[in-house]
Amino acid sequence: MSEPKKLFIKTYGCQMNVYDSERMAEALGGQGYVETKSPDEADMILLNTCHIREKAAEKVYSELGRFKGLKADKPDLKIGVAGCVAQAEGEEIMRRQPLVDLVVGPQSYHRLPEMEAKTRTGEKALDTDFPEEDKFEKLKNRPKAKRGPTAFLTVQEGCDKFCAFCVVPYTRGAEVSRPADRIIREAQDLVERGVREITLLGQNVNAYHGAGPNGDMTLAGLIWELNKVDGLERIRFTTSHPNDMDDALIEAHGTCEKLMPYLHLPVQSGSDKILKRMNRSHTAESYLRLIERIRAARPDILMSGDFIVGFPEETEEDFQATLDLVEEVKYGYAYSFKYSTRPGTPAAERPQVEAEVADERLQRLQAMITRHQRVIQDAMVGQTVSVLFEKPGRQPGQMVGKSEYLHAVHVTDADVASGDLRKVRVKSSGANSLGGELI
Ligand code: SAH
Ligand code: SF4
Ligand code: F3S
């Protein structure tokens with residue numbers, strides 16, 4: 001028997017890319033590829049890329065440049081670019097970096113086997129279509145290998161919201177929801193393979209409206225169906241848009257036992273003027289009232305969010321409004337980014353904020369977020385949390401997992417295995433994790 005071919009995949013960007021990379025590895029598994037962690041021994045290298053900010057997109061070219069030596073030593077090595085940069089730049093990638101053999105967009109990677117075969121004949125392969133067929137259906141013959149206790153599951157893809165700064169509607173295409181029965185089947189399959197926590201993914205996951213047995217189902221409906229899956233212990237979802245948080249989903253946070261008390265709900269800015277220019281169609285006030293309702297349903301919910309600072313025409317006063325909003329919400333986690341001009345998006349045409357001004361604001365915002373994060377994490381000391389253990393920690397005898405609030409928690413010298421869900425009393429709060437003892 002011939003040696004299996006080796007595939008090295010490097011993943012950038014959001015969780016959906018992580019999910020897609022797994023699917024790509026499965027698709028190429030049918031072509032005799034097994035995954036490797038080392039690009040040096042690979043027969044095929046795939047970069048699954050992100051286009052959200054300029055830095056992310058540029059990284060791809062510097063990374064590709066580094067494979068020059070490898071390809072010189074091994075002319076049979078095939079190099080592919082997948083993901084959102086592939087979608088946004090297409091053929092241009094091969095022009096800029098001729099060593100690239102294959103470019104495949106996020107909606108056409110189920111065609112990777114044919115594309116790989118084409119590159120083996122010495123041709124280049126490019127596919128950035130938005131095909132009619134459902135790529136997930138084409139990919140459903142999955143290997144039944146065991147896997148870790150947590151998994152992502154894409155339920156909705158694409159976006160119709162067109163925030164003025166964002167490339168996602170262009171790279172991922174229009175919003176599409178997968179039918180509920182296929183999601184449930186996939187969840188059952190994951191559980192059979194050892195998964196106990198599933199994070200439902202979508203660029204606007206709470207806009208989910210997939211076909212169900214009695215017409216379209218909402219995300220809340222889907223969560224209640226998944227709540228019935230035996231062996232599945234935890235459900236999460238990300239990323240949500242404030243305008244799509246319906247009453248049923250808010251209520252589920254109070255009543256659905258498997259739904260975890262954590263919600264990522266990006267607001268982007270606290271200034272109504274900026275929100276309007278971002279085309280966000282919510283105000284700071286409507287967002288705050290929404291969080292009030294969510295907290296009324298689930299008082300201990302941990303909120304997380306995303307922010308952009310230095311959006312075109314953001315003044316110090318606008319930025320102050322963002323700080324005010326953060327002060328009011330107090331996020332357990334929050335991700336903040338300096339605005340990055342994306343060609344082709346409406347905001348790219350607006351007067352830009354000076355880089356130094358944006359940098360300075362970002363620092364102030366991050367300092368505030370870090371302070372809140374700290375207080376919230378430290379307040380866990382003395383509390384009992386439930387931890388889904390995932391893997392050994394850095395210290396000998398340590399096991400780490402996540403609490404329901406997504407804090408990393410470790411215990412030492414305890415009799416726990418990956419996949420165990422146990423109650424833990426929190427004893428200490430460190431830089432990035434909590435320490436505790438099994439109860
Ligand atoms: N669908 C999600 C997030 C998509 S992108 C949502 O609607 O919130 C993830 C985050 O990247 C965004 O929430 C935003 O904060 C940030 N982001 C998107 N475009 C950006 C840009 N041009 N510059 C800086 N940050 C950006
Ligand atoms: Fe981008 Fe806005 Fe869509 Fe989120 S809602 S993916 S930020 S366009
Ligand atoms: Fe990046 Fe595409 Fe995700 S642009 S954030 S990889 S949807």
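Reply: Start with burial: a residue is buried under 20% relative accessible area, exposed over 50% and partly exposed in between (1.4 Å probe, protein chains only). The model is predicted, so local features need pLDDT of at least 70 and side-chain atom pairs pLDDT 80 or more, while totals for chains, interfaces and linings use all residues. Residues count from 1 along each chain as written, chains are lettered from A and ligands numbered from 1 in written order, and side-chain values use heavy atoms, without hydrogens or water.

Now the pairs. A salt bridge is a side-chain nitrogen of Lys or Arg within 4 Å of a carboxyl oxygen of Asp or Glu. How many salt bridges does this rule give? The count is 40. Let's walk through a few.

Take Lys 10 and Glu 63. Their closest N and O atoms are 3.3 Å apart. The two residues are 53 residues apart, so this bridge links distant parts of the chain: Lys 10 sits in strand 1 (residues 5-11), and Glu 63 in helix 2 (residues 54-65). Helices (H or I, at least four residues) and strands (E, at least two) are DSSP runs numbered from the N terminus. Are these two partners buried or exposed? Lys 10 is partly exposed, because its relative accessible area is 29%. Glu 63 has a relative accessible area of 8%, so Glu 63 is buried.

Next comes Arg 111 with Asp 127. Their side chains meet at 2.8 Å, N to O. Arg 111 lies in the loop between strand 5 (102-104) and helix 6 (112-120), and Asp 127 in strand 6 (residues 125-127), so the bridge ties together parts 16 residues apart in sequence. Asp 127 is buried, because its relative accessibility is 10%.

Now slow down at Glu 157 and Arg 172. Their side chains form a salt bridge of 3.0 Å, N to O. Again the bridge links distant parts of the chain, 15 residues apart. Glu 157 belongs to strand 8 (residues 156-157). Arg 172 is in the loop between helix 8 (168-171) and strand 9 (176-177). Glu 157 counts as buried, because its relative accessibility is 6%. Arg 172 is buried as well, because its value is 2%.

Which residues lie around ligand 3? Arg 172 is one of them. Ligand 2 has its own surroundings, including Cys 159, Cys 163, Cys 166, Asn 204, His 241 and Arg 280.

Arg 172 also meets Phe 130. Contact means heavy atoms within 4.5 Å. Setting aside neighbours within four places in sequence, Phe 130 touches Gln 87, Gln 107, Tyr 170, Thr 171, Arg 172 and Gly 173. Phe 130 lies in the loop between strand 6 and helix 7 (135-138). At 43% relative accessibility, Phe 130 is partly exposed. Arg 289 is 159 residues along the chain from Phe 130, and their C-alpha atoms are separated by 38 Å.

Back to charged groups. Glu 314, Glu 316, Glu 360, Arg 361 and Arg 364 are linked in a network of salt bridges. Now look at Met 368. Met 368 lies in helix 15 (residues 355-378). Its relative accessible area is 12%, so Met 368 is buried. Beyond neighbours within four places in sequence, Met 368 is in contact with Leu 323, Val 326 and Glu 327. Val 326 is 42 residues from Met 368 in sequence, yet the C-alpha atoms are 7.9 Å apart.

One more stop is Ser 21, in helix 1 (residues 15-29). Ser 21 is buried, because its relative accessibility is 7%. Not counting residues up to four places away in sequence, Ser 21 touches Ile 9, Thr 11 and Asn 48.

Last, step back to the domains. The assignment gives domain 1 (5-127), domain 2 (135-378) and domain 3 (384-438); such bounds come from an automatic or database assignment. The C-alpha centres of domain 2 and domain 3 lie 25 Å apart. Their contact takes 17 residues from domain 2 and 21 residues from domain 3.

How values were computed
A residue is near a molecule or strand if one of its heavy atoms lies within 4 Å of it.
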